[in-house]
Amino acid sequence: MPRPLGDLEDAVMSRVWKWNRPVTVREVLEDLQQERSIAYTTVMTVLDNLHQKGWVRREAEGRAYRYEAVSTRAAYAAALMNEAWSRSDNPAAALVAFFGMMSPEQRAALRDAVRIVEGPETTSGETTTSESSAGESSSGETAAGETAPRESSTRQNAPGENPAAVEGDTGR
């Protein structure tokens, strides 16, 4: 899957992901200029490169383009983790080492994620004991401060929530 984004590519994509809407070169430029001196043509080139690499799609608007993320930041991070893990000569040891680097909050988020992927029931039909200790509050927020998707396939998105974070990794 993907090679990691470069520093400037990541700075641009961070804004595209954060804003979660089609953006112009000018909008990204103005936000980046709060942190660094950068030229319009540089941002335009980076967004064009990201388009060619398949990270963003673009739609013409007059003489300019509006750019939109093709997938979510979470999907990008997951792909990087999967790529690194799959290259290990000992995947189990790599996972143990990775889990050992996690904070208690990250481990709680991991338990939440495993519970969501596996579902709330064990093979014997009993509710798992980790369900009550998985670190999720009554609002659905994990110990890591992220909203955890529900198991139900009829779940409605919360106001302001990115549907791609629940429905898949397409970014839309």
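Strand 1 (residues 56-61) and strand 2 (residues 64-69) pair in the antiparallel sense through 6 bridges; two strands are taken to pair if DSSP finds at least two bridges between them. The structure is a predicted model, in which local features need pLDDT of at least 70 and side-chain atom pairs count only at pLDDT 80 or more, while totals for chains, interfaces and linings use all residues. Residues are numbered from 1 along each chain as its sequence is written, and side-chain values use heavy atoms, with hydrogens and water left out. Within the strand pair, Val-56 stands opposite Ala-69 of strand 2. The hairpin of strand 1 and strand 2 has 2 residues between the strands, and Gly-62 in this hairpin takes a positive phi near 70 degrees.

The secondary structure comes to 8 helices and 2 strands, where helices (H or I, at least four residues) and strands (E, at least two) are DSSP runs numbered from the N terminus. Along the sequence the pattern reads α-α-α-β-β-α-α-α-α-α. Of the 172 residues in the protein, 26% are buried; buried means under 20% relative accessible area, exposed over 50%, and partly exposed in between (1.4 Å probe, protein chains only). Among contacts with a separation of 6 or more, 46% join residues 24 or more positions apart, contact being defined as heavy atoms within 4.5 Å.

A search of the whole structure gives 11 salt bridges, each defined as a side-chain nitrogen of Lys or Arg within 4 Å of a carboxyl oxygen of Asp or Glu. One of these joins the side chains of Glu-27 and Arg-66 at 3.6 Å, N to O. This pair links distant parts of the chain, with Glu-27 in helix 2 (residues 25-32) and Arg-66 in strand 2, 39 residues apart. Glu-27 is partly exposed at 24% relative accessibility, and Arg-66 is partly exposed at 26%. The side chain of Arg-66 also meets that of Glu-61 in a salt bridge of 2.9 Å, N to O. Glu-61 has a relative accessibility of 44% and therefore counts as partly exposed. Arg-21, Glu-27, Glu-61 and Arg-66 are linked in a network of salt bridges.

Glu-68 lies in strand 2 and Arg-57 in strand 1, 11 residues apart. Glu-68 counts as buried because its relative accessibility is 16%, whereas Arg-57, at 35%, is partly exposed.

Thr-24 is located in the loop between helix 1 and helix 2. Its relative accessibility of 16% places Thr-24 among the buried residues. Apart from neighbours within four places in sequence, Thr-24 is in contact with Tyr-65 and Arg-66.

The axes of helix 1 (residues 7-19) and helix 3 (residues 40-52) come within 10 Å and cross at roughly 85 degrees. Axes are lines fitted to C-alpha atoms, for helices over the stretch in contact, with angles running from 0 to 180 degrees between N-to-C directions. Helix 1 and helix 3 are therefore roughly perpendicular to each other, a class covering angles of 65 to 115 degrees, with those under 35 counted as roughly parallel, over 145 as roughly antiparallel and the rest as oblique. Leu-8, Glu-9, Val-12 and Met-13 of helix 1 make the contact with Thr-42, Val-46, Leu-47 and Leu-50 of helix 3. By class, this contact has 6 nonpolar, 1 polar and 1 charged residues (Ala, Val, Leu, Ile, Met, Phe, Trp, Tyr, Cys and Pro count as nonpolar, Asp, Glu, Lys and Arg as charged, and the others, Gly among them, as polar).
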